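Let's take a walk through this one together.

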Amino acid sequence: MKGQYMASTIDGKKVNGYRQEEGVDPKSKTETYAAIKFL
Amino acid sequence: MTDEGKGCKRIIVEKPFGYSLKTAEELNHGLQKYFHESQIYRIDHYLGKETVQNLLVTRFSNSIFEPLWNRNYIHHVEITNAETVGVEKRGGYYDKSGAARHVSKPLATDCLADRDGTAHKFFGRRNKE
């Protein structure tokens with residue numbers, strides 16, 4: 001399962017979403033979160 | 001290049017080691033043209049972190065955990081690597097890699113596994129023999 005972080009607030013401070021970060025394609029589909037089950 | 005003369009030569013490759021099976025194999029073959037396997041270190045700097053080192057010591061040096069810490073007594077292991085910061089200025093690099101390659105492989109396979117017996121050798125009872 002994959003995910004990508006979005007703009008939010010951490011400790012009361014606004015933070016960028018992944019697609020707003022420097023050097024990242026605004027349409028990027030690169031995951032910043034992965035949940036992987038190994039068997 | 002592999003001739004060591006009076007010193008020693010090593011090459012250290014930080015993950016990701018290629019981006020697919022094919023590119024990993026190509027990288028491996030390329031390295032092995034110039035270096036002997038014993039001179040090549042494929043690493044993830046995470047394995048040098050104190051938390052991970054302590055986990056290895058706990059697992060292999062503790063005579064209470066050592067016989068129990070296996071599939072017969074542990075249903076599953078869950079590793080969470082959570083960050084409070086974004087990619088910051090590393091977006092250009094990270095966008096080509098992604099979470100699955102960048103973090104989960106080394107954590108899951110290198111931390112969980114003791115594939116070549118190295119951890120056991122350094123931290124386990126075998127070291128005392």
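**Where the chains meet**

Start at the boundary: between chain A and chain B there is 1 salt bridge. Keep in mind that the model is a predicted one. The partners in that salt bridge are E22(A) and K89(B), with their closest N and O atoms 3.4 Å apart. If you sort the residues on the side of chain A that touches chain B, you get 8 nonpolar, 4 polar and 4 charged. Polar contacts are there too: 6 residue pairs between chain A and chain B, counting pairs with both residues at pLDDT 80 or more.

Now zoom out a bit. How many residues of chain A are in contact with chain B? The count is 16, and they meet 16 residues of chain B. Which residues of chain A lose the most area to chain B? They are E22(A), E31(A) and F38(A), and together they make up 35% of what that side buries.

**A threonine with contacts in both chains**

Next, go to T32(A), in the loop between β3 (13–15) and β4 (33–34) of chain A. Leaving out residues up to four places away in sequence, T32(A) touches G3(A), Q4(A), Y5(A) and Y18(A), plus Y94(B) and A99(B) from the other chain. For Y5(A) there is a further detail: the side chain of T32(A) reaches its backbone nitrogen at 2.9 Å.

Finally, some torsions to check. Most residues other than glycine have a negative phi, and most peptide bonds are trans. D11(A) isn't a glycine, yet has a positive phi of about 55°. You'll find D11(A) in the loop between β2 (8–10) and β3 of chain A. Is D11(A) buried or exposed? D11(A) counts as exposed because its relative accessibility is 81%, and the cut-off for that is over 50%.

Chain B has a case of its own: E88(B), also not a glycine, has a positive phi near 55°. E88(B) sits in the loop between α2 (50–61) and α3 (91–94) of chain B. With 46% relative accessibility, E88(B) counts as partly exposed.

The last stop is a peptide bond. K15(B) and P16(B) are joined in cis, with omega about 5°. Look for P16(B) in the loop between β1 (11–14) and α1 (21–34) of chain B.

Notes. Residues numbered from 1 in each chain as written. Chains lettered and ligands numbered in written order. Predicted model: local features only at pLDDT ≥ 70, side-chain atom pairs only at ≥ 80, totals over all residues. Heavy atoms only, no water. Helix = DSSP H or I, 4+ residues; strand = E, 2+ residues; numbered from the N terminus. Polar contact = N/O pair within 3.5 Å; in protein donor to acceptor, adjacent residues only side chain to side chain. Contact = heavy atoms within 4.5 Å. Buried area = accessible area lost by both parts, 1.4 Å probe. Salt bridge = Lys/Arg side-chain N within 4 Å of Asp/Glu carboxyl O. Nonpolar A, V, L, I, M, F, W, Y, C, P; charged D, E, K, R; others polar. Buried < 20%, exposed > 50% of the residue type's maximum accessible area, 1.4 Å probe, protein only.
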